Amino acid sequence: LNEHRFARQVRRIGHPFFIICGFGDTGSLLARGLNDHWLRGVIIDVDPERIKALRLRDYRVTMPGLCADPTNPRHLDDAGVRMPNCKGVVILTVNEEINVRIAVMTRLLNPDIHILCRSSSKRHIEHLQSLGNVTIINPFEIFSQLLSMAITAPRLHNLNSCLVRNPRARLGEPIEVPTGDWILCGYGRMGKWLYRQFALNGIKPVIIDPKIEEIEGAARIINSHANLDPLKQAGLEQAAGVVAGTDSDHDNLSILMSVQALKPDAFTIVRQNSHENQIAFDAINAHLVLQSSLTTARRVLKHLISPQVQIFIDYLREQGEDICAHTVKNLQELIGDEPPHLWQVKIFAHEASAVMEYLQEGKSLSLHELIRDPHQLNSSLPCMSLSIARGESRIMLPDENELLVAEDEILFCGTE
């Protein structure tokens, strides 16, 4: 009965929607992000308690959920994977083997649909890439990119944090990361990615880990847990900062407590593995918290709002901090202290029929005219275009006099 009711609910969805397989920490945070941007989701999870929790959420958009195995093609079909308004399938379970199975079933049912799948295993990533039109979401890679951005491009890190609605970030107020030597505590899968980014930026950290013997390029290796004495041996007093990056929240919190006992003003970056420990991480007051589920959900959300969002961030990274600072200044002048909000406008007949008719009559329409305030025609709405996707090309930070053409996809940033 529940399956039939669920299927009927899905069939009644008239707007674009995404299927989310896995409603743990990451899936729950992603659903909240979709809701904030008026995007709809359909949830499948094997845990009945999670589906019960979903039904108690006060979402402003449709979010039906089913307690079922998403590797079963019938359940994916009930979730609408073959419906024309299903715009993607997001696979976020913690089991990488299960994720691949879901991806394979999805591709068999819908050869063209976009799949976003969490994976950090080389073997599983290769399998997923062979399916085509799959975006791999690797939490460890995302962590390392954010760390590198915070150290080498703090203005861009601040803008990126604001665009994904990090409540701790304020536009135009980047984290001031000190320069110098670093201490990396933990050299597991996460530590390897972090070390790779350090090396790319010419930084040779001291690594503290009880199981590692030799790492090419490291300043020094200390085979121990990151307690008081090892931190002293690593040169904490002279270090620019410390990264607590183990896969144990208890160990990471203990490392930071030791750091604060030895050097209260030390710059600290910490990995948070479980969303349930949020209160403890708030209390430790690290300068930068990299929460696996949250960073993963934010990266997926950027893809679902528009693939242009991450392309735009990558563009600013290449252009440098001066262009980023100019972009932030222009955005601040438009939205003030309001949190930035992203959305995409597609110049297609089914989404912007009046604009399409106008263009098809041979008339020209500029970006400036598109965002004119309908209530005050001599002024514009408080938003700016970040990029325009035109076929295979991209126009980054387009001029307001840019003439629009049919099938343009415009990424805007303003207020909600």
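This is a predicted model: local features need pLDDT of at least 70, side-chain atom pairs count only at pLDDT 80 or more; totals for chains, interfaces and linings use all residues.
Local features need pLDDT of at least 70, side-chain atom pairs count only at pLDDT 80 or more, and totals for chains, interfaces and linings use all residues. Residues are numbered from 1 along each chain as its sequence is written, and side-chain values use heavy atoms, with hydrogens and water left out.

Q: Why is N99 called buried?
A: Buried means under 20% relative accessible area (exposed is over 50%, partly exposed in between; 1.4 Å probe, protein chains only). N99 has 1% relative accessibility, so N99 counts as buried.

Q: What is N99 in contact with, leaving aside its neighbours within four places in sequence?
A: Contact means heavy atoms within 4.5 Å. The partners are I91, L92, T93, C117 and R118.

Q: How do you know that the span of helix 15 agrees with its 15 residues?
A: Helices are DSSP runs (H or I, at least four residues), numbered from the N terminus. The expected span is 1.5 Å times one less than the number of residues. For residues 321–335 that gives 21 Å, and the end C-alpha atoms are 21 Å apart, so the two agree.

Q: Which residues of helix 15 are buried, and what puts them on the same side?
A: They are E321, C324, T327, V328, L331 and I335. They cover an arc of only 120° around the axis, so they share one side of helix 15. The arc is taken from the directions from the helix axis to the C-beta atoms. On the other side, D322 and E333 are exposed.

Q: What makes a nonpolar core?
A: Buried Ala, Val, Leu, Ile, Met, Phe, Trp, Tyr and Cys residues, joined through side-chain atoms within 4.5 Å. The largest has 70 residues. L30, L159 and W182 have the most contacts inside it.

Technical notes: Helices (H or I, at least four residues) and strands (E, at least two) are DSSP runs, numbered from the N terminus.
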